[in-house]
Amino acid sequence: MTLIIATSLLLFNEDTVFANQSVGNGLYISNNVSVEVNGEKVTFKDPTLNKNGHLFLPMRNFFELIGTSVNWNQKTKTASAERNEKRVDVTVNSKSANVNGKKVAIDVPPFLYKDKTYVPIRFLSENLGGNVKWNQQAQKVEISINEEQTTLPETPTVIENPYYLLINNKRIVMTDPIITRQDRTYIPAEYLYENLENASGKWLSKDQFELQISGLIFVFTNGSKIIQVNDELIITAEQPFIQSEKMYVPVKFIVNSMGEGGNLRYLSEQKEMYIYLYQSMFTSKFLEKSFGSTKVPQSTPSAKITGNRSLLVSDNPETLTTSDIPKSTATLSEQNVHTDKALNEHRIYGWHYNTLGKNTELGITVENTSTTTSLKVTKSEGLFKSSSNSWINYDIGLPIADQVLNNQLQQAESEGITIAPGETKMIQLYQLYNSYIIGFLHDLDIQPVNTGESSYTIRTVLAKNNEELTTIHSSPVPINSLAAHPRGVWPSSSIVSEFPTYTIGDAQVGYSISNGKTDHFLTKESSLEQLNGSVGNSGHFGINYTVEIPVDNPTGQVKNVKIKLSGRGGLYSGAIKLNGQVHLIPTLKPGTEYIELPSYTINESHEIITLELMHSGGSNLPLAIYIETK
């Protein structure tokens with residue numbers, strides 16, 4: 001994530017504010033403002049912004065310019081800057097900061113804009129030993145840095161043909177090569193401890209390096225096949241080594257050592273390495289896979305859509321090509337709303353693959369088409385995952401399903417905004433790299449500010465050349481009729497299926513869900529939007545699917561039942577919740593592999609077992625669910 005720094009307490013008069021170009025959310029681009037550091041004029045790639053009379057400047061570029069390191073913690077949304085042995089930590093939307101570990105008040109809280117973090121430059125600059133002045137007449141920010149840091153560093157060298165490292169979907173451009181020796185891959189240890197939570201590293205001697213990750217302590221010795229793990233000496237086939245004063249460590253050995261498991265892929269031609277550590281990547285744990293055949297299930301006989309949260313699916317054209325997207329901007333999907341309801345609940349689910357030959361911006365916008373009624377966004381939260389790896393179920397689908405069932409959607413900056421009549425505002429912005437796939441899910445609640453009919457359009461839009469996404473009001477591009485990926489709008493994002501009553505002692509019974517027959521409510525014909533085509537969503541992507549299994553127990557005794565799941569349409573993986581606990585389903589081969597849920601105890605004469613499932617891309621349905629007495 002790019003970090004931005006703000007100059008707070010630099011006030012402008014009203015004429016200046018309204019003369020600037022509005023970009024929504026109370027922000028204005030101030031092209032007439034210049035910036036000087038120690039008397040030298042500097043320019044930044046990102047625009048200078050004005051909010052409520054306070055000026056905001058690019059953080060990372062600015063602080064690297066004066067020789068200050070900047071770090072970003074995605075989980076806590078905290079930006080950190082260090083200079084002259086001083087450290088300042090500021091957190092998005094928080095009026096408290098830490099200076100060398102001491103809590104202090106901050107006048108203007110940091111905020112997110114276009115996936116960039118803005119924080120007050122006066123607060124950081126003065127706490128790091130600098131001063132900021134605003135020259136009203138010259139429309140100029142004058143920043144002075146003490147003599148210890150007056151020498152500006154040279155412009156960093158651009159890395160040509162770099163290596164890329166993706167740790168749990170976090171993309172890192174490497175300044176060091178990935179090295180393969182005897183079919184084993186090695187990277188500098190620093191890339192692991194700098195990009196994983198609960199990790200650290202240090203040199204023990206000129207030949208020994210200690211790497212700690214989530215309770216495991218590795219000690220690597222230059223040129224030695226003996227690796228110490230938590231004080232135990234292990235003889236391996238790997239041989240760590242020092243190159244360019246960095247300890248290169250065996251990646252596969254580390255991944256295999258992690259208690260919850262993980263996976264490693266290295267695409268040598270693309271110079272890309274993918275590292276997945278499940279205990280860091282997923283909230284829930286994987287169920288153990290079993291091997292054996294399962295009988296052919298029946299289709300679930302009773303299912304219905306439920307709930308008031310509508311579903312907009314943006315998945316066609318899934319592969320974005322220049323023929324599908326011939327212009328510089330495009331609308332990928334849309335939902336038109338005209339209602340007098342006091343609260344309107346929406347879910348937007350998207351899945352797109354960028355083959356346009358360049359990086360793009362993709363976003364969710366809302367245009368208020370009413371001439372009289374303002375809108376309030378009372379809820380805006382979601383998540384997204386992206387990858388250039390073809391293993392999309394573990395990269396994107398499983399993490400989304402895991403976080404949705406664990407209620408871990410992240411609040412967006414657009415929550416709480418007001419959209420005036422005729423205005424279009426950004427709900428969520430995504431960066432979509434060339435040759436990357438993105439999956440996203442976003443829940444959005446909108447209500448009229450006072451009373452009256454709400455009228456608005458929700459869109460997923462794309463821009464190739466950094467155009468402002470809120471200006472895109474075109475009709476959705478035509479679907480790719482040769483690709484059966486879904487697109488449309490349906491009145492609900494929840495389905496409930498009730499199985500026939502199972503009686504303790506009966507033989508095993510099994511039913512399939514998402515079978516495209518008895519529970520296929522999200523059809524092409526039932527889509528609320530048809531402009532330029534729609535495709536049904538028989539795979540129930542973006543859907544929370546609840547299964548209710550009534551159980552009769554006439555024995556008068558406490559009994560246990562077991563529930564098995566297996567794929568029926570192809571390789572399957574997903575997430576399932578039972579008794580409030582979410583479990584991950586590993587990839588299952590149909591007919592030969594299955595998983596068994598934790599044993600369920602029946603205490604009463606009649607109980608209902610409730611399962612909640614989600615599969616979010618990369619899975620072939622239907623899914624069979626079996627129940628039997630244990």
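Analyst: One term to start with: a salt bridge is a side-chain nitrogen of Lys or Arg within 4 Å of a carboxyl oxygen of Asp or Glu. Also, this is a predicted model, where local features need pLDDT of at least 70, side-chain atom pairs count only at pLDDT 80 or more, and totals for chains, interfaces and linings use all residues. Residues are numbered from 1 along each chain as its sequence is written, and side-chain values use heavy atoms, with hydrogens and water left out.

User: Okay, how many salt bridges does the structure hold?
Analyst: There are 12 of them. In one, Lys246 pairs with Asp176, and the closest N and O atoms are 2.8 Å apart. Lys246 lies in strand E27 (residues 246-250) and Asp176 in the loop between strand E18 (170-174) and strand E19 (179-181), so the pair ties together parts that are 70 residues apart in sequence. Strands (E, at least two residues) and helices (H or I, at least four) are DSSP runs, numbered from the N terminus.

User: Is Asp176 buried or exposed?
Analyst: Asp176 is buried, with a relative accessible area of 9%. Buried means under 20% relative accessible area, exposed means over 50%, and partly exposed is in between, using a 1.4 Å probe and protein chains only.

User: Let's zoom out. How many helices and strands are there?
Analyst: The protein has 7 helices and 56 strands. It is 630 residues in total, and 53% of them count as buried. Of the contacts with a separation of 6 or more, 72% are between residues 24 or more positions apart; contact here means heavy atoms within 4.5 Å.

User: Which strands pair with E53?
Analyst: Strand E31 (residues 289-291) pairs with E53 (residues 593-596) in the antiparallel sense, over 3 bridges. Strand E50 (residues 559-567) also pairs with E53 in the antiparallel sense, over 2 bridges. Two strands pair if DSSP finds at least two bridges between them.

User: Who sits across from whom?
Analyst: Phe291 has Glu593 in E53 as its bridge partner, while Leu565 stands opposite Ile595 in E53.

User: New topic: what does Ser310 touch?
Analyst: Leaving out residues up to four places away in sequence, Ser310 touches Gln335, Glu345, His346, Arg347, Trp490, Pro491, Ser492 and Ser493. Ser310 lies in strand E34 (residues 309-314) and is buried, with a relative accessible area of 8%. A polar contact of 3.2 Å joins the side chains of Ser310 and Gln335. A polar contact is a pair of N or O atoms within 3.5 Å; within protein, one must be able to donate a hydrogen and the other to accept it, and residues adjacent in sequence count only if both atoms are side-chain atoms.

User: And where is Tyr600?
Analyst: Tyr600 is in strand E54 (residues 600-602), and it is buried at 11% relative accessible area. Tyr600 and Val561 are 39 residues apart in sequence, yet their C-alpha atoms are 5.4 Å apart in space. Not counting residues up to four places away, Tyr600 touches several residues, including Val561, Leu578 and Ile608.

User: What about Leu482, buried or exposed?
Analyst: Leu482 counts as exposed, at 82% relative accessibility. You'll find Leu482 in the loop between strand E44 (454-463) and strand E45 (487-490). Its C-alpha atom is separated by 9.7 Å from that of Pro317, 165 residues apart along the chain.
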